[in-house]
Amino acid sequence: MAAWSDLTNDVLEHITSFLAFPDHCRFGAVCKNLRSVLKWRRYPPAPQLPWLVLEEEKETRKRKFYNLSDGKQYSIEIPELQGRYICGSSHGWLFAIDIKINGILVNPFTRECYELPPFPPYSTKSNVTTLVEKVPSDYTGGPRNYTFEEMQTKIVFKAFLSHDPKERSDFTAVIMFGCLRTPAIWRPGDLCWTVVDGPQRSMEDVVYFKGNFYVLSPMNELYVMDFESEPKLIEVGPQIDIEDCPFERYLIDFNGNLLLIERFCDYEDEEQELNVTVGFNVMEPDLEENILYEWSDIDDFALFLGRNSSLYVNSSHFPKCKRNGIYFTHLTRSFSAAKFGCHDLGVFDMTDKTISKFYSAEVFPPLVGSPVWFTPNPW
């Protein structure tokens, strides 16, 4: 059998296409020859399950990640993320906010980065979309009623991208900001965020689906963003009739189908302090007939929900991924997080309606910040 040193570069490069991201990095650390093979970047790492972005280590300031595929945590030095709060992920990129409320869009493993313009002024009012009680756009002095530390985690509820910035330079970024999670858009070259005009109510989620951004309200109204003149929300069809009252809702482009997912919570203790997830409903809205078709299962797939742009994978490609499962992270508005930490993580089995942990207790003590799913995109 030939030694590794005897293999041609073409063969070695082809081998890298079968390696998951951690092994891809280890491959290049073996010797100078293998490291030079990776520099050609002809083959990206093999597809993998999403990772969880965790908080940073206090002493080293390295960012912690959890790899679902091997059940391990990794601490990685990423200067761009030091001291920053992760408010969303999309296409392998992270939206991160520093203590002075400055935002960036960054690919943590290629170190590519976009500086985002100042966020729109924040309002402590919960019943307006025209943002009153304005503070300077650079947040000097801090907004009313909040410290900078609190504001860092509150200004942006979620963030999304229309496309991978490495594939489309004309991508659009969308944030849901402020108490009402008002949508605002930014494109490379813009000097500021453009607030999207819409109804005076809080929004639940955003998804990029078949060339459009769709936005869901708590009243089960679905809107599409219209960019013809000034960006605004236009209602698509009548209000969807849902009898249940879920704690949170998500939208996802699932194999070309627009799905609406409801998340239900209850209290685990008698004092009604520990709020936990108890189940999900998966539905497909028919906007013309104003009805929802309930999905009893998602076959070989698995969903990943949280502060990220909702993801799905084919579980048959990953031995450790639960088929017909919904992986979830801590609720973005859980009442029990302040006292118990971000404890509510698990996987819901759509077959038997049970919830289990996808990690051991020693891996995740109660977390300080809500973890975020993201798929490493290192090429």
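**Note on the sheets, pocket and ring pairs**

1. In β22, Gly 325 is the bridge partner of Ala 302. Strand β20 (residues 301-305) and strand β22 (residues 325-328) run parallel and are joined by 4 bridges. Strands here are DSSP runs of E with at least two residues, numbered from the N terminus, and two of them pair if DSSP finds at least two bridges between them.

2. On the basis of the note: this is a predicted model, in which local features need pLDDT of at least 70 and side-chain atom pairs count only at pLDDT 80 or more, while totals for chains, interfaces and linings use all residues. Residues are numbered from 1 along each chain as its sequence is written, and side-chain values use heavy atoms, with hydrogens and water left out.

3. The pair β20 and β22 belongs to an open sheet of 5 strands with mixed pairing, in the order β21-β20-β22-β23-β24. β21 (311-314) and β24 (354-356) are the edge strands; each has a single partner strand, so one side of each lacks a neighbour in the sheet.

4. Another open sheet has 4 strands in the order β8-β9-β10-β11, with antiparallel pairing. Its edges are β8 and β11 (194-195), each with a single partner strand, so one side of each is left without a neighbour in the sheet. β8 is joined to strand β9 (residues 173-177) by 5 bridges, and Val 156 has Phe 177 in β9 as its bridge partner.

5. Which residues lie nearest the centre of the largest pocket? They are Ser 90, His 91, Gly 92, Leu 311 and Thr 375, out of 34 lining residues. β8 and β21 are among the strands that each supply at least two residues of this lining. A pocket is an open set of points on a 1 Å grid over the protein atoms alone, where a 1.4 Å probe fits, with protein on both sides within 12 Å along at least five of seven lines; lining residues have an atom within 4 Å of a point.

6. The count of aromatic pairs comes to 27. Rings of Phe, Tyr and Trp (its six-membered ring) pair if their centres lie within 6.5 Å; planes under 30 degrees apart count as stacked, over 60 as edge-to-face and the rest as tilted. Trp 51 and Tyr 74 are stacked, at 5.6 Å centre to centre and 15° between the planes. Trp 51 lies in strand β1 (residues 51-56) and Tyr 74 in strand β3 (residues 72-76), so the pair ties together parts 23 residues apart in sequence.
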